[in-house]
Amino acid sequence: MTVHVTSPSPSLAPPASTVGVIGWLRENLFSSVINSIFTLIGLYLIYRLVPPAINWALFQADWVGTTRDACTSDGACWVFVGVRLKQFLFGFYPSSEYWRVVTAFSLLGVLVAWLLIDRTPKKGLVGAFTIFIYPVIAYYLFYGGAFGLPVVETYKWGGLMLTLILATTGMFFAFPIGIVLALGRRSSMPIAKSISVVFIEFWRGVPLITVLFMSSVMLPMFIPEEMQIDKLLRAMIGIVFFQSAYMAEVVRGGLQAIPRGQSEAAEALGLSYWKCMMFVILPQALKLVIPGIVNTFIALFKDTTLVLIIGLFDLLAVVQTAFADPKWLGFSVEGYVFVASVYWVACFSMSRYSQHLEKKLHTGHAR
Amino acid sequence: MSNSSKKQSWWNNARNRSLFFQVLLVAMLVGFFWFIGSNTLANLEKRGISTGFGFLSLKAGFGILQSLIPFDESNTFGRTFVVGLLNTLLVSALGIIFATIIGFTAGVARLSNNWLIAKLAGIYVEMFRNIPLLLQIFFWYFAVLRALPSPRQSWSTGDIAFLNIRGLYLPEPVLGAHFNLVIWTFVLAIVATLLIRRWARKRQDETGQQFNMWATGLGLIIGLPLLLFFALGAPLSWDIPKLQGFNFQGGMTVIPELTALLVALSVYTGTFIAEVVRSGILSVNSGQTEAASALGLHKSKVLKLVVIPQAMRVIIPQLTSQYLNLVKNSSLATAIGYPDLVAVFAGTTLNQTGQAIEIIAMTMGVYLFISLTISGIMNWYNKKTMLVER
């Protein structure tokens with residue numbers, strides 16, 4: 001008796017047109033006639049836009065020099081940005097005092113990095129230092145008037161430094177106010193609730209420009225003539241109110257996401273309202289909305305450019321004024337590209353960070 | 001002795017506490033407004049500014065670059081308010097249309113199975129979303145539109161439309177006799193189509209018979225007015241701009257300020273709308289599409305009957321808030337001198353009259369009114385489309 005052993009014949013390799021580079025191209029770029037047309041249009045667009053842009057910005061650009069005569073080629077003239085870089089960064093801050101600005105921001109950078117990186121010890125202590133002591137240090141470093149530091153009036157502040165100061169102080173004050181407003185909006189006390197609702201909806205309903213106009217034109221009317229306040233401070237007040245309304249809505253989103261059982265359990269344990277909020281609800285709610293907070297910060301960071309309309313010299317305003325210099329006429333594109341890349345790098349990395357956080361925090365509550 | 005008989009001290013009573021706290025809050029608020037009010041009155045008196053809205057009927061004495069209604073120096077400050085408001089509404093409406101087109105295209109393109117198209121859409125979104133809007137407006141206005149040629153060297157398409165540093169010159173339609181009949185037919189056709197659609201749906205629900213809505217609608221809305229148009233002898237001519245001396249005469253002019261603002265607003269808001277659309281489509285559970293395909297629905301029906309209605313529930317509220325942002329952002333017009341509400345009324349009129357409080361209050365009031373109205377409509381819509389849950 002013969003035994004027939006049948007073994008399956010070996011599988012054929014997949015057709016060459018479905019694997020490897022060709023397979024990938026067929027599936028992702030040329031899967032149908034319409035897709036192929038789109039791909040070709042896309043390729044043509046890239047061909048027309050990318051090489052000229054790279055040539056202009058890199059290969060044909062002029063990098064070194066001190067006057068406009070150094071710009072001889074067809075490409076970008078980065079000499080313009082290079083010559084004016086200090087002004088773009090510090091505005092009209094006296095150059096002998098630059099170290100103060102650099103120190104203040106470096107310190108802030110170290111503190112923030114300490115708080116953001118996992119596995120650094122003593123986060124509570126560093127956090128308290130950042131919130132309570134750092135602002136005082138920063139104030140004296142920027143403004144001076146103590147410890148032998150000469151006073152630098154705020155009208156000399158400008159450039160990237162002013163942009164960062166506006167954004168960080170705006171955020172610093174808007175955050176606690178926003179939390180209080182969000183709690184007020186969900187409060188059971190009718191008056192506290194309606195005040196919060198009116199405040200939030202008012203500031204969210206008007207454009208930032210009108211808020212800045214209001215702070216620069218109307219605010220001086222609201223206070224006694226003898227206590228007139230600084231233009232920068234007025235703009236900051238407007239920004240803080242505006243921003244706190246947006247922050248309140250973000251925090252409210254977090255508060256709404258916490259199940260009722262949490263506050264009921266805390267109440268059953270005998271915790272008071274504030275203890276319940278501080279130790280049970282807010283820690284959970286704020287953790288949920290960190291990405292939202294980062295997003296409002298990005299929006300605020302971009303919105304600080306609007307202060308140029310009321311005559312403050314932020315980064316964009318300083319660059320815009322530099323175009324009017326008769327020695328450097330005709331380099332507006334270089335200037336705009338420089339400012340755009342500063343903002344882009346900052347905003348893009350922040351939004352990537354917030355996406356990373358979203359993934360990291362996507363535990364527990366989200367099911 | 002039981003605990004309950006022990007009197008609770010009055011300050012530990014939750015009701016008393018909340019009452020006390022709210023009275024304190026009201027007192028603080030009243031005090032604050034009293035402080036502001038008395039200071040304002042004192043300051044106004046010191047500067048000799050009279051309050052009230054009487055200034056609105058005074059002669060303005062300045063011209064406005066672009067106006068949708070007739071306006072010259074002899075008109076009142078009140079009319080500057082209307083001119084500015086109309087210009088704001090114009091740029092907002094156009095911006096919303098363009099931003100929606102760009103946003104939906106980019107949002108869908110980002111989900112395309114064409115790798116290159118998806119990446120290009122992604123680059124567009126990430127690039128323009130992260131650059132401040134004001135900077136983009138400046139870029140289009142100062143770097144792009146200022147680099148255009150002078151009127152004599154205009155770029156033109158077939159000697160009909162011209163683009164130069166002074167603006168975009170387009171042919172203007174001149175309506176002949178009875179052209180309004182065509183417009184009325186068009187409007188009536190839209191109403192009729194909507195009614196027929198209702199009837200067709202009802203019939204389909206009852207009998208299952210389908211009705212070719214596409215052909216009917218197309219014939220009614222496009223065909224009928226077109227027929228009437230030619231039957232009337234094509235009563236429409238075009239006023240084509242012509243170069244006379246140093247500038248163009250005739251036709252419609254789109255001022256560069258409007259172009260720059262419109263391009264920047266549409267491109268910037270388009271990125272946000274693209275993200276809204278993408279998240280809306282992604283929010284529809286893939287089980288829904290699979291179930292619909294399993295029922296044998298055609299791919300286009302799956303999209304139309306299953307995916308889009310569910311995605312819209314997510315998209316519409318966020319889309320509205322983007323539209324609101326666009327309206328509010330149109331106030332950046334003042335930075336390049338497009339005569340919108342803020343630039344004309346809160347800018348020039350304020351400088352001429354000095355009535356800061358009234359003018360800022362009116363300007364803010366307009367934006368507040370638009371925002372609150374739209375968000376009110378939105379809340380109503382949300383309630384209507386909310387999933388009915390147990």
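Leu148(B) is buried, because its relative accessibility is 11%; here buried means under 20% relative accessible area, exposed over 50%, and partly exposed in between, with a 1.4 Å probe and protein chains only. This is a predicted model, in which local features need pLDDT of at least 70 and side-chain atom pairs count only at pLDDT 80 or more, while totals for chains, interfaces and linings use all residues. Residues are numbered from 1 along each chain as its sequence is written, chains are lettered from A and ligands numbered from 1 in the order in which they are written, and side-chain values use heavy atoms, with hydrogens and water left out.

**Leu148(B) and the strands of chain B**

Leu148(B) belongs to the loop between α4 (133-144) and β1 (155-157) of chain B. Helices (H or I, at least four residues) and strands (E, at least two) are DSSP runs, numbered from the N terminus. Leaving aside residues up to four places away in sequence, Leu148(B) touches Trp155(B), Leu163(B), Asn164(B) and Ile165(B), where contact means heavy atoms within 4.5 Å. Between Leu148(B) and Leu163(B) the C-alpha to C-alpha distance is 7.8 Å, and the two are 15 residues apart in sequence.

Strand β2 (residues 161-164) of chain B runs antiparallel to strand β3 (residues 167-170) of chain B, and three bridges join them. Two strands pair if DSSP finds at least two bridges between them. A hairpin of two residues connects β2(B) to β3(B), and Phe162(B) has Tyr169(B) in β3(B) as its bridge partner. β3(B) also pairs with strand β8 (residues 252-254) of chain B, in the antiparallel sense and over three bridges. In that direction, Leu168(B) stands opposite Val254(B) in β8(B).

Thr269(B) is found in helix α7 (residues 256-283) of chain B. Its relative accessible area is 3%, so Thr269(B) is buried. Ala99(B), Gln322(B) and Leu326(B) are touched by Thr269(B), not counting residues up to four places away in sequence.

**The interface of the two chains**

The size of an interface is often given as the accessible area lost when the parts come together. Between chain A and chain B the buried area is about 4700 Å², and carbon and sulfur atoms give 73% of it; buried area is the accessible area (1.4 Å probe) that two parts lose on being put together, summed over both. On chain A, 52 residues are in contact with 52 residues of chain B.

Across this interface there are 15 residue pairs in polar contact, both residues being at pLDDT 80 or more. A polar contact is a pair of N or O atoms within 3.5 Å; within protein, one must be able to donate a hydrogen and the other to accept it, and residues adjacent in sequence count only if both atoms are side-chain atoms. At least two residues of the side of chain A that touches chain B come from each of α1 (20-28), α2 (33-59), α7 (190-205), α8 (208-222), α12 (315-322) and α13 (332-360) of chain A. That side of chain A consists of 37 nonpolar, nine polar and six charged residues. Ala, Val, Leu, Ile, Met, Phe, Trp, Tyr, Cys and Pro count as nonpolar, Asp, Glu, Lys and Arg as charged, and the others, Gly among them, as polar.

**Salt bridges**

Side chains of opposite charge can pair when their charged atoms come close. A salt bridge is a side-chain nitrogen of Lys or Arg within 4 Å of a carboxyl oxygen of Asp or Glu. Over all chains, ten salt bridges are found, and one of these crosses the interface of chain A and chain B.

| Salt bridge | N to O distance |
|---|---|
| Arg84(A) and Asp325(A) | 2.2 Å |
| Arg260(A) and Glu264(A) | 3.1 Å |
| Arg352(A) and Glu126(B) | 4.0 Å |

Arg84(A) forms a salt bridge with Asp325(A). Arg84(A) lies in helix α3 (residues 78-90) of chain A and Asp325(A) in the loop between α12 and α13 of chain A, so the pair ties together parts that are 241 residues apart in sequence. Both Arg84(A) and Asp325(A) are buried.

Arg260(A) and Glu264(A) are four residues apart in helix α10 (residues 260-268) of chain A, about one turn of the helix. Arg260(A) is exposed, with a relative accessible area of 64%, and Glu264(A) is partly exposed at 44%.

Arg352(A) lies in helix α13 of chain A and Glu126(B) in helix α3 (residues 115-129) of chain B, so this pair joins two chains. Arg352(A) is partly exposed at 40% relative accessible area, whereas Glu126(B) is buried at 9%. Through shared partners, salt bridges link Arg352(A), Arg110(B), Glu126(B), Arg129(B), Glu275(B) and Arg278(B) into one network.
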